[in-house]
Amino acid sequence: MNDRISQWMARRVESVLASRIPPGVPGVGLRFAGGDLRALGSDDIAATIVVNSRRGLSALLSMDATRIAEAYRAGALDVEGSMQRVLALRDAFSDRHPITSTWRFLRPRLFGQVSSDKKWIADHYEREADFYLTFLDRRHRCYSQALFESPDESLEDAQTRKLDAAVDALGLPPGSRVLDVGGGWGAFTEHGGRRGLHVTSLTIARASEAFINGLISAQGLPCRVIREHLMEHTPAEKYDGIVNLGVTEHLPDYSGTLRKYEQLLRPGGRIYLDASATRVSHDYSAFLLRHLFPGNGTTLCLHSYLAAVAASPFEVLRVHNDRENYRLTTLHWARNLDAHRDEVVRRWGGDDFRTFQLYLWGCVDGFARDQVQAYRWALQLRGR
């Protein structure tokens, strides 16, 4: 990077980045491979961006958030120090990728929602369980927000509290039939089964199905797992309760999903749900769409969801703001992933490590700055 063009690009990157760091916040360092450290903003540097190649330099010069993230994913950029501090700069960058955005809405219209979901969900969840166990809690493997009593509580205890809250919200005795929408790594299946609930867990990921079947068999749980999309599920009898932990993001048709819940749930039955949220629907970055959550899923838009509930036979029992709970949860996940960096890179590659590192630390920053929210809520189907 010693030619004149690269030198000009480097000076331009330094100038633009420095102009976009707000006053009164910790600065960011910038270092080009083999060069000196340059302080941008204040001299109190919390993190340093390291430019390893021409690709990394070009990405920074573009001021495009997705190009920069993809350059980091490929190793053309590195970060020393606080990843969260660097990610807080993303507001200064653009993220306009119309082809990526258009395809997420066009595919379901061409191939159908259920077929598209099966393809898209596999892209994120068809990794072996060991990958997720590098950062999820060790007790339950729960892939949605925990409920913390205090910031210094363990992730495991906070996840146990959340799962207890989910069971208690249903208000059901042992032996009741409960549908778990999106089985993940068996968190609710195992916890509910141990409390005597007969849980049917739905998943459309083969890896998830195999893992949950292993839990059921090993512990003799009164549960079962079915590899089937929610919208295709037609049980012989209705359920006494439904639990949806972090799957509403993959069910963007709120009215259609509520109609399906009505078909599956007995009158008077309750649903416990939790989800990440934003104030604007379909507010995913192009990087997340390309490398983590391809599809037309989106964070919950609470006011739109509640409008759909108001037009349905469901009643809202309670809504809780879980933004701080999800910030603490993702902070634990991000730190756990960083602690297992060598193992993840060795077994699954640097691309997967860097992709999930950006995702998890990006969540921590988003929750901290109220760019992303989270809620848990309970619904009840009115009796007839």
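**Entry 1. β6 and β7**

I looked up Thr200 and found that its bridge partner in β7 is Arg224. Strand β6 (residues 198-203) and strand β7 (residues 224-227) run parallel and share four bridges. I count two strands as paired if DSSP finds at least two bridges between them. Helices (H or I, at least four residues) and strands (E, at least two) are DSSP runs, numbered from the N terminus. Together with helix α10 (residues 206-219), the strands β6 and β7 make a right-handed β-α-β unit. Right-handed means that, with the strands pointing away from the viewer, the path from the first strand over the helix to the second runs clockwise.

This is a predicted model, in which local features need pLDDT of at least 70 and side-chain atom pairs count only at pLDDT 80 or more, while totals for chains, interfaces and linings use all residues. Residues are numbered from 1 along each chain as its sequence is written, and side-chain values use heavy atoms, with hydrogens and water left out.

**Entry 2. The four-stranded sheet**

I read the strand order of an open sheet of four strands as β2-β1-β3-β4, with mixed pairing. Its edge strands, β2 (37-40) and β4 (77-81), each pair on one side only. From one strand to the next, the twist averages 25°.

I then went through the pairs. β1 (residues 27-32) and β3 (residues 45-51) are parallel, with six bridges, and Leu30 stands opposite Ile49 in β3. β1 and β2 run antiparallel and are joined by four bridges. Here Arg31 stands opposite Leu37 in β2. The two strands β1 and β2 form a hairpin with four residues between them, and Gly34 in the turn has a positive phi of about 80°.

Helix α2 (residues 54-62) lies across β1, β3 and β4 and runs at about 120° to β3. Axes are lines fitted to C-alpha atoms, for helices over the stretch in contact, and angles run from 0 to 180 degrees between N-to-C directions. Contact means heavy atoms within 4.5 Å.

How many residues of β11 are buried? I found nine of nine. Buried means under 20% relative accessible area, exposed over 50%, and partly exposed in between (1.4 Å probe, protein chains only). On one side I noted Gln373, Tyr375, Trp377, Leu379 and Leu381, and on the other Ala374, Arg376, Ala378 and Gln380.

β9 pairs with β11 in the antiparallel sense over eight bridges, and Ala275 has Tyr375 as its partner in β11. β10 is also antiparallel to β11, over seven bridges, with Arg318 bridged to Ala378.

**Entry 3. Helix α11**

I listed the buried residues of α11 (residues 254-264): Tyr254, Gly256, Thr257, Leu258, Lys260, Tyr261 and Leu264. Their cover includes β5 (177-181), β8 (239-245), β9 (265-277), α13 (302-310), β10 (314-321) and β11 (373-381).

**Entry 4. α15 against α16**

Helix α15 (residues 341-348) packs on helix α16 (residues 350-368) at an angle of about 130°, with the axes 7 Å apart. Arg341, Val344, Val345 and Trp348 in α15 meet Gly350, Asp352, Phe353, Arg354 and Gln357 in α16.

**Entry 5. Cysteines**

I searched for disulfides, taken as pairs of cysteine sulfur atoms within 2.5 Å. The count is zero. Cys223 counts as buried because its relative accessibility is 12%. Cys363 is buried too, at 17%.
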